[in-house]
Structures are given as C-alpha cells and as structure tokens.
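Keep the structure in view while reading.

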Amino acid sequence: MPDRTGESAPTGAAPRPRRVHHGRGFWLLAYGFAVMMAFSAAPTPLYVLYQQRDGFGPFTVTLVFAAYAVGVVVSLFTVGHLSDQLGRRRLLLPALALNMLAGVVFLLPGIPVVPELLVARFISGISIGVLTATATAYLTELHAAARPGASRRRADLVGAAANIGGIGLGPLVAGLLAEYAPHPLATPFVVFEVLLTLGLVGAALLPETVSRVPLRYRPQRVAVPAASRRTYLAACATGFVSFAVFGLFTSLAPGFLVGTLHQRSHAVAGLVAFAVFASGVAGQVLTLRSALGRQLRVGLALLAAGLVALVAGVWLPSLALFVVGGVLSGAGAGAVFKGSVATVFSVAPTGARGEALAGLFLGGYGGLAVPVLGLGLATQHLSPRSALIGFAAVLLALLVVAVRPLLAKPRTDQ
C-alpha cells in the first residue's frame, strides 16, 4: 500500500528511513536549498586568484560563468520540471550529489585550470537547474502540509532567503576563507563539501509531497492557461532582468573592484556580493505585504537608481557609490523577482507549478548568462566603464517593457 508520501512499500523490502515531520522538513529543505545556492556562487571572489595564477582575462571569466548558466538552462529544459511526476525528494537528492561532484572537480590537482573551471561550473549548473523549481515548489507544499490553511507568505519569504540569500552567503564565506585561511583555492570547497554532505543527509529524511505517476517524458514547456500566457511571459522577462543584475555580481564585479576601484581584498569582494544579495532578500521582505503592482513599481525604481549609482561608482571611481549601487539594484531585483514568482503561482495550475516555475527559472538563468556574456564581449572592444553603461541601459529598457503587462492587471499573492 502507498504510504502517506505516495510511495509504495513492497513486502519484504528493507525499512525506509523514518521521515521527519513536514514542519521540520521545511527547515531542513531551506538549509539544503541555501547551501546549494551558496556553493553555486562560492567561486565569485576566487576568480581573481585564478586569473592571477593562470594568466587569463575577464572574457575567460565570463565563459566560465556562462558554462554554469548553460548547465542550468540545459537542466531546466530537460529535467527541471520532472518533480511534478517523479516527486520532489527524488530530484533533490541527485541535485545535491551533483553539486558535491562539482566541488570534487574544483579540488582536483594537476589538470589545466580553465577546463577544470568549465567542467565544475557546468556540473554545478546542472545541479542548480534541477534544484530551483523543485525546491521552491517543495517548500510551498511542506509549508501547506505543516500549516493547513495558512498564508503562503512564509514559504515565499524563506524560499527567497534560501535562494537569493544563499547566493550571497557563498561569496561571503569563500571570500573570508580565501583572505584569512590557508590554501585559498582549496579550503572554501572543502568547507562547502562538509555543508553539502549535511544537506544531503537532511534531504534524505524529507517527507515526499508528490505522489509518483508514470513518467511521460518531454522537454520543458510552458504549462499555463492561454489567457494568462502574456502575463506569464512578462513574469519570465522580469526574472531575466533580475538575474542579469545578480549575474553581474557573481561574475565580473570582482574584476571591476580590482581593476577599476583598486580594491584587492578577497574578503571585500565577498562582502560586496553578500551585500547585494542580502539587499535582494531585504527588498522582498520590505515589499512582502505590498500588492504586486506596488511591489513592481518599487522594485523598478530601486533597480533604476541602483544601476545609475553603479555606473557612477565605476566612472568616478568610488567604492562607496559602487556598493550603494549594488545594494539598491540588488533590492530592486529582489522585489521584482518576487513579483515574478508570485505571478507564476497565481496563473499556474496547481498540478503544474513545478513545470511553470522551471519555465520562470529558465528565463531567469538565461538572463544570468546572456547579458553578462555580452558585457564580457563588450569589454574586449570598449572600456569597462563604457560597456557597463550599455549593460545598464539595455537592462532598464527591457525591464520597463516587461513590467507593463504585469502592471496592467495587478495580482496579489495567494
């Protein structure tokens, strides 16, 4: 007979590990989600060290970063939506294992560093592509099971903190270890291997929230009612812009700190990235009870002000302005992205939320790769300052166009 998680226990089979209560499972999942996202951004303050040691330039950094984003997109397109059929935990466990494998590749000695970075980042991207939509839907379902009838706001907030806040913690931990611990290119990954192992153990204890159904495989597709498709695509476009802002601070921003602002501390590079992503979480918290229209307007205003300050900080140059610009743009991107997630939940059928979220993250991680790769290419022909102006202008123009359909028919969180 199926148990309460939707799994069958065959006669004579070895006893399954005892699952934790949905309420405890919610926090175990939040930890695993945060640690995986932290690991995905841990190399951010280390790229400068790789450049100094192996003599490659900013464009190679963008290629390494693009390998990660390509891995995410490939994973989202091929398997990121399958948790609706196979179950959440069944996809979460291999995602954690893949991230641990990426950490092992980072630690391998004696192979050329650029291929090593490309392979490790691609594997990590595959892992995160499986994780993002799965864990976001999983948190919501565990919260609903633990607190029947309660608002979804807590799950939304914890999911945002684990996702965006986790990405901020990765550079902070890695930067501090690179600055103050021995073996700066090895110690951060050893620490994260331990943290990921704990996350894997916790994930194995989680109760399943989806009954397994026979797999009918097909690649990712958008599964929303036709009447809501324009709204859904607008949400994906705003996710694209939000992730592009965050992508800047997990790829090329440390290079701006060293080359333009003459700030060589790995700890400072990690702190700047952490401040940007922490402000992304703060932007979501401060707009938590706001209607979607207000949330998007506030996010747009913060994002515009932040990008202007960021460009000014590079041109003057001013570290303070650069940090202020990062904090403001991070808060704006966080608020806008939360609006995107809320919109997708409001238009997606209950049985296809994992798939709809996978589509949202597919757009988001496209934004993580394409604009940053374009910025890296532009720096081959223009000064970093001029390239950054173009980057900011394109993002703002795209955001204004994308937000309009969402503001035309305001929605509120469920």
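## The largest pocket

Helix H10 contributes the most to the lining of the largest pocket, with 5 residues. The model is a predicted one. The volume of this pocket is about 350 Å³. The elements that supply two or more residues to its lining are helix H2 (47-54), helix H3 (58-78) and helix H10 (253-259).

In total, 17 residues line the largest pocket, and those nearest its centre are Gln-51, Pro-58, Leu-252, Gly-255 and Phe-256. Sorted by class, the lining holds 9 nonpolar and 8 polar residues, with no charged residues.

## Helix H2

Helix H2, one of the elements lining the pocket, has several buried residues: Tyr-47, Val-48, Leu-49, Tyr-50 and Gln-51. Gln-51 is also among the residues nearest the centre of the largest pocket. Just after H2, Gly-55 has a positive phi of about 75°.

## Overall build

The protein contains 15 helices and 0 strands. Its radius of gyration is 21 Å, close to the 22 Å given by the globule rule for 414 residues, so the protein is as compact as a globular protein of that length. Along the principal axes, the C-alpha atoms fill a box of roughly 65 × 55 × 35 Å.

Of the 414 residues, 57% are buried. Among contacts between residues at least 6 apart in sequence, 85% join residues at least 24 apart.

## The nonpolar core

The largest nonpolar core has 113 residues, and Tyr-50, Leu-248, Phe-249, Phe-322, Leu-357 and Tyr-365 touch the most other members. Helix H6 (residues 113-146) provides the largest share of this core, 13 residues.

What is Tyr-365 in contact with, leaving aside its neighbours within four places in sequence? The list is Met-37, Tyr-68, Ala-69, Val-72, Val-73, Leu-76, Ile-128, Thr-132 and Phe-243.

## Cavities inside the protein

There are 4 cavities of 30 Å³ or more. The largest cavity has a volume of about 180 Å³. Its lining consists of 17 residues, with Thr-136, Asp-156, Gly-159, Ala-160 and Val-341 closest to the centre. H6, helix H7 (153-180) and helix H13 (319-347) each give two or more residues to this lining. By class, the lining of the largest cavity has 9 nonpolar, 5 polar and 3 charged residues.

The second largest cavity has a volume of about 140 Å³. It is lined by 15 residues, and Ile-167, Phe-246, Phe-277, Tyr-365 and Leu-368 lie nearest its centre. Two or more lining residues come from each of helix H1 (22-41), H3, H7, helix H9 (229-249) and helix H14 (353-378). H7 gives the largest share, 3 residues. The lining of the second largest cavity divides into 11 nonpolar, 3 polar and 1 charged residues.

## Gln-284

Gln-284 is located in helix H11 (residues 266-286). Is Gln-284 buried or exposed? Its relative accessibility is 2%, so Gln-284 counts as buried.

Apart from neighbours within four places in sequence, Gln-284 is in contact with Ala-160, Ile-164, Gly-334, Ala-335, Phe-337 and Lys-338. One of these, Ala-160, is also among the residues closest to the centre of the largest cavity.

How values were computed. Residues numbered from 1 in each chain as written. Predicted model: local features only at pLDDT ≥ 70, side-chain atom pairs only at ≥ 80, totals over all residues. Heavy atoms only, no water. Helix = DSSP H or I, 4+ residues; strand = E, 2+ residues; numbered from the N terminus. Buried < 20%, exposed > 50% of the residue type's maximum accessible area, 1.4 Å probe, protein only. Contact = heavy atoms within 4.5 Å. 1 Å grid on protein atoms, 1.4 Å probe; cavity = no way out; pocket = protein on both sides within 12 Å on 5 of 7 lines; lining within 4 Å. Points joined across faces, edges and corners; volume = space filled by probe spheres on them. Nonpolar A, V, L, I, M, F, W, Y, C, P; charged D, E, K, R; others polar. Core = buried A, V, L, I, M, F, W, Y, C linked by side-chain atoms within 4.5 Å. Rg over C-alpha atoms; globule rule 2.2 N^0.38 Å.
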